[in-house]
Amino acid sequence: MKSKFIALSFLLLSSLCLSACSQTTPVPADNGEQPVAGIKINNLAPDFSLKNLTGQEIRLSNLQGSGVILNFWKISCSYCKQEMPFFEAAYLKNKALPSGIKILMVNITENKSLIEQFLKDNRFTFPVLLDTTGATGQTYNANYIPITYFINAEGIIKAIKFGAFFSQTDFDNQLNKIN
């Protein structure tokens, strides 16, 4: 009786594992339907609206037509600070191009004056959005930072980088996915 129970349990567990392993990430249909919004690759990036340092409201959906690099960071994060020169270089390269890549550096819950001083001290000129409540960071699973989303001109997430970039080559490889 005990061996039958073990065998039956094994079969049940095996079938559950097989059905779970066969699950795939849904890919948007190529039939003109809008992809599902979410934070996975090939999902439509969830829309949000945040203010920049000058108080201007920036809405992600208004940037369709251009690729977007969306990075979540904090000054208190040493890895975030380490990768910022890559974002600055991409911003400087693209800022004058009407359909160039847009860089959105979303700071999570830190003080505006502290952010402004940090940018000034480090000569960073990329745009910073203020996620004062942390709600947008939660939507984008920014529990561990830095995290970067590469979104194409149609608003589809094409790559996600968990953690910091440690080289220009690593950054450029991800950037090429939306160019």
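I began with what the buried residues of α5 touch: they pack against β3 (68-73), α2 (78-94), β6 (147-151) and β7 (157-162). I took contact as heavy atoms within 4.5 Å. Helices (H or I, at least four residues) and strands (E, at least two) are DSSP runs, numbered from the N terminus.

I noted that this is a predicted model, where local features need pLDDT of at least 70, side-chain atom pairs count only at pLDDT 80 or more, and totals for chains, interfaces and linings use all residues. Residues are numbered from 1 along each chain as its sequence is written, and side-chain values use heavy atoms, with hydrogens and water left out.

Which residues of α5 are buried? I found F171, Q174 and L175 in this helix, residues 168-175. They sit on the same side of α5, because they cover an arc of only 100° around the axis. That arc is taken from the directions from the helix axis to the C-beta atoms. Buried means under 20% relative accessible area, exposed over 50%, partly exposed in between (1.4 Å probe, protein chains only).

Next I looked up salt bridges (a side-chain nitrogen of Lys or Arg within 4 Å of a carboxyl oxygen of Asp or Glu). The count is two.

D47 and R59 form one, at 3.1 Å from N to O. D47 lies in the loop between α1 (2-21) and β1 (49-52) and R59 in strand β2 (residues 57-59), so the pair ties together parts 12 residues apart in sequence. D47 is partly exposed at 39%, and R59 is partly exposed at 36%.

K161 pairs with D170, their closest N and O atoms 3.4 Å apart. K161 is buried at 17%. D170 is partly exposed at 23%.
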